[in-house]
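This report looks at one protein chain, part by part. Please keep the sequence and the model in view while reading.

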Amino acid sequence: MTYRTRFLAASGLWVVAVAAVLYFGIRAFRDRLPDPIASHWGFAGAPDDSTSLASFLIFVPVGWLVLGSAAAGYGARGWRRRRTRAAAGAIIATGALFMIGLAALTVWANLDVAEWRQARSMNWQVIPVLLIAALAGRLGWLAFHRGPDEAAQDADEGPELALKPGQRAVWLASVSSPALRAGGWLVLLAAAAAAVFLPWPIVLAPLLAGAACLALSSARVQIDERGVRVAFGPQRWPSRLIPLAKIDGARVETRRPLEVGGWGYRALPSSTAIMLRGGECLVLRLTSGRDFYISVDHAERGAELINALVTERSAL
């Protein structure tokens, strides 16, 4: 059984089990809850909005199924990398405990009250839920951070590149940041928790920040006769093209994010970097004298193609 099969089996069972706990757990107290129930609390802790009991009974399990399935799909897609499996496990564990805790608090606040405005106050009670969810995320990371990385049989693995006259070649590679992806999900979860107490205009900023983290947590690098193009996220936007005419050559170096300014897109006086993880980097030596660092797997193959294209252009 491959790590992908094990991951899918374990995460799939977990997602379904948590959805069942949410549905049947809420349903067990249905006769002791008002309809509608309090579903939102103001900053002072008093309930200020409600939803129908039927909507709450459906929305919570379905919301978890969407989140859990998305995390499981992310882990299954990047199952070859141990860090990706671990990050997906952390998201699934954190999200599950957060959803269960939030549902339990909502049921507790509404239990045995005549109508939703009489629901119990809620403010500090969400803090233990967040702490338990964070601990569950750590345990989820450890549970799936097992086994070696399995090398993919990519087309770029082969003999050293040697372009024949007139021959054209394209090199593609991708890189993702489990830390940024997990951080994006955590920010979204924190924003969801804040939405219980704060109005939506205030919660909008962290929601957008979390979405931005997720959108920029992966990138694809393409090298061809035009130059080097880096596009972020599945939407392939934003992107940056470095024309071949502005590149003197390329090499491979190992760098930590803090050595080039941190994670993400960083610009320093002598260099620019797109760093989504530490380790092997493709380093472009630009005609301006600056270095451009791009964290990407199998960077040596990209460097070989760039140098071949630069040599070909210089010979013209």
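Predicted model: local features only at pLDDT ≥ 70, side-chain atom pairs only at ≥ 80, totals over all residues.

## The chain as a whole

The protein chain has seven helices and eleven strands. Of its 316 residues, 44% count as buried. Contacts can also be sorted by how far apart the two residues are in sequence. Among contacts between residues at least 6 apart, 65% join residues at least 24 apart.

## Nonpolar cores

In soluble globular proteins, nonpolar side chains tend to be buried together. The largest nonpolar core here has 42 residues. Which of its residues touch the most other members? They are L22, I26, V60, W64 and F98. At least two residues of this core come from each of α1 (3-28), β1 (37-41), α2 (53-77), α3 (82-110), α4 and α5 (178-194). Helix α3 gives the most, with twelve residues.

I26 shows what such contacts look like for one member. Leaving aside residues up to four places away in sequence, I26 touches V21, F56, L57, V60, A103 and V107. Another core, of 28 residues, lies apart from the largest one. Its members include A169, W171, A173 and V228.

Strand β5 covers residues 227-232. Five of its six residues are buried, so β5 is largely enclosed by the rest of the structure.

Strand β4 (residues 218-224) runs antiparallel to β5, and six bridges join the two. The hairpin between β4 and β5 has two residues joining the strands. Strand β6 (residues 239-243) is also antiparallel to β5, with five bridges between them. Here A231 stands opposite S239 of β6. How many residues lie between the strands in the hairpin of β5 and β6? There are six, and in this hairpin G233 takes a positive phi near 65°.

Strands of a sheet pair through backbone hydrogen bonds, either parallel or antiparallel. An open sheet of five strands has mixed pairing, in the order β7-β10-β11-β9-β8. Which strands stand at the edges? They are β7 (247-255) and β8 (264-267). Each has a single partner strand, so one side of each is left without a neighbour in the sheet. With direction ignored, neighbouring strands of this sheet are turned by 15° against each other on average.

The edge strand β8 pairs with β9 (residues 271-275) in the antiparallel sense, over four bridges. In this pairing, the bridge partner of R266 is A273 in β9.

Terms used: Residues numbered from 1 in each chain as written. Heavy atoms only, no water. Pairing = 2+ DSSP bridges. Axes fitted to C-alpha atoms, helices over the stretch in contact; angles between N-to-C directions. Core = buried A, V, L, I, M, F, W, Y, C linked by side-chain atoms within 4.5 Å. Buried < 20%, exposed > 50% of the residue type's maximum accessible area, 1.4 Å probe, protein only. Contact = heavy atoms within 4.5 Å.
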